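The text below takes them in turn.

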Amino acid sequence: MTTPSVISLRNVTFGYGDESILDGVNCDILEGDFVGLVGHNGVGKSTLLKIILGALHPQKGTVKLFGIPIKQFHDWDKVGYIPQKAGFSVSHVPITVEEVIKMEDVEDNAVDEALASVDMLIFKNKLLRELSGGQQQRVFIARALVKKPKLLILDEPTVGVDVRTQEKFYELMQKLNHNYHLTLLLVSHDLHTISHQVHCVIQLDKKTIPYETNTCNIIHAHHTDAFNH
Amino acid sequence: MHLITDLFQYGFMVRAFWAGLIVAIIGPLIGSFLVVRKLSLIADALSHVALTGVAIGLLIGVNPLVTTIFFTVITAYIIEEIRSNEHVSAESILAMILPGGLALALILISIANGFNANIFTYLFGSIATVTQQDIWIILSLGIVIGGILLIFYRQFMYTSFDEESARSSGIPVQLVNHVFMILVALTVSVAMKVVGALLIGALMIIPVITAMQVVKGFKISIVVSVLFALLSVLVGLVTSYYANLPAGATIVMISILLFALTSVIRRV
């Protein structure tokens, strides 16, 4: 049985003016994958992320989410996204954890469920700015989870957090991937840390993704076999 | 109490209160989102553009409120276009729009050379000269602004706090930003006659930051900021009448006093 594709990039090319950023990127991320997209700072990871999220359109090539071309894709409830600096810019505003989750169009019980899934339910009525960096991150993960997405994308999720918080974060990611069969894409410049945590690494280098690393097929096949047995 | 009831014997004071109360409600509504977006100074920038609208209105003999709305809305649209497409920071755009609006207004005033007294009322506000036609325009726009904010509260909130996530959640961020900027422009136009072009930003922002000091939650901060603004307008108008002070400036000073008081009380 073929595993459905969640993200599919074919010959994706993008640049600003004469400056080429991405040149013929191919990549497949399949349902249930736990993938790290790595590359040095400035290599084009954020650009690729924006293309995957439909905020930028490639000059050449095709992008598909859940098998649907990105321009025709409207089912954004299937995609959860946590930007790199989520929450950093709102410390001057008294917003509660519950209000953060309710930025999504959801019922009260869904809010509780999402917060419980990241062990943050007891902080529901706290102000976001009263929480630690790691706790704030969990709140934003809960907001992304509240729509019950099939794909969760996190941009540089462990930048500036201590080792203990990192460990707890990756424990949570493993739980979400395993228990909820959530497809995870973590974008990071830190190959060393992320390679120990994710199931496979896709490396962006010299404006493209080398053929050897552009899919997690082998690992996924292994998982499927294990699942079937 | 009779100090207040005495005031309502005069038609101009009744109109002044109505205009002040409407502005006290919509100002902080919009201002709350401006504070989140760290765009508190945009009201000041647009108010300078509004002066150009006033100058043209006086020049061609049209109600200046109408020409002001026209100019501020167009400018607000252009600001958002530049901000989202040209990689220019909002702060830099404001630094250009603010003196630009004032410069154009000054040129027009110089060309007309005849309505210096009138323009003064728009610079510093002249709530006592609010006409019945002004009230209807202010009320209509107030309902439109408040209604749109209420209906699309979640979209405005999500986009103001976290544009990237809002986009990935399927919210048409660009459209929301453009609509929001137009609402800011309308609010500035409406508020100008009440507190004056140079003082508008204060009534939109100070009650908001005062409320944010004392409450736990964004939605409740909006409600409390409206209450602070209403109190500022009410006390400001009564004080200005009996002390023979300019209304707009008194309203702004009362709102600053409330901010100072809450700061002290919070620390005690």
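**Strands of chain A**

Six of the six residues of strand β8 (residues 183–188) of chain A are buried, so the strand is mostly covered; here a residue is buried if 20 or more other C-beta atoms lie within 10 Å of its own, with C-beta atoms placed from the backbone. Strands are DSSP runs of E, at least two residues long, numbered from the N terminus. This is a predicted model, in which local features need pLDDT of at least 70, side-chain atom pairs count only at pLDDT 80 or more, and totals for chains, interfaces and linings use all residues. Residues are numbered from 1 along each chain as its sequence is written, while chains are lettered from A and ligands numbered from 1 in the order in which they are written.

The cover on β8(A) extends to both faces. A:T183, A:L185 and A:V187 are buried on one side, and A:L184, A:L186 and A:S188 are buried on the other.

β8(A) pairs with strand β3 (residues 34–38) of chain A in the parallel sense, over five bridges; two strands pair if DSSP finds at least two bridges between them. Opposite A:S188 in β8(A) stands A:V38. Strand β7 (residues 151–155) of chain A also pairs with β8(A), in the parallel sense and over five bridges. There, A:V187 of β8(A) is the bridge partner of A:D155.

Another group of strands in chain A forms an open sheet of four, ordered β2-β1-β4-β5, with antiparallel pairing. β2 (19–30) and β5 (68–69) of chain A each have a single partner strand at the edges, so one side of each lacks a neighbour in the sheet. Within the sheet, strand β1 (residues 5–16) and strand β4 (residues 60–65) of chain A run antiparallel and are joined by five bridges. A:I7 has A:L65 as its bridge partner in β4(A).

Terms used: Buried ≥ 20, exposed ≤ 12 C-beta atoms within 10 Å, placed from the backbone.
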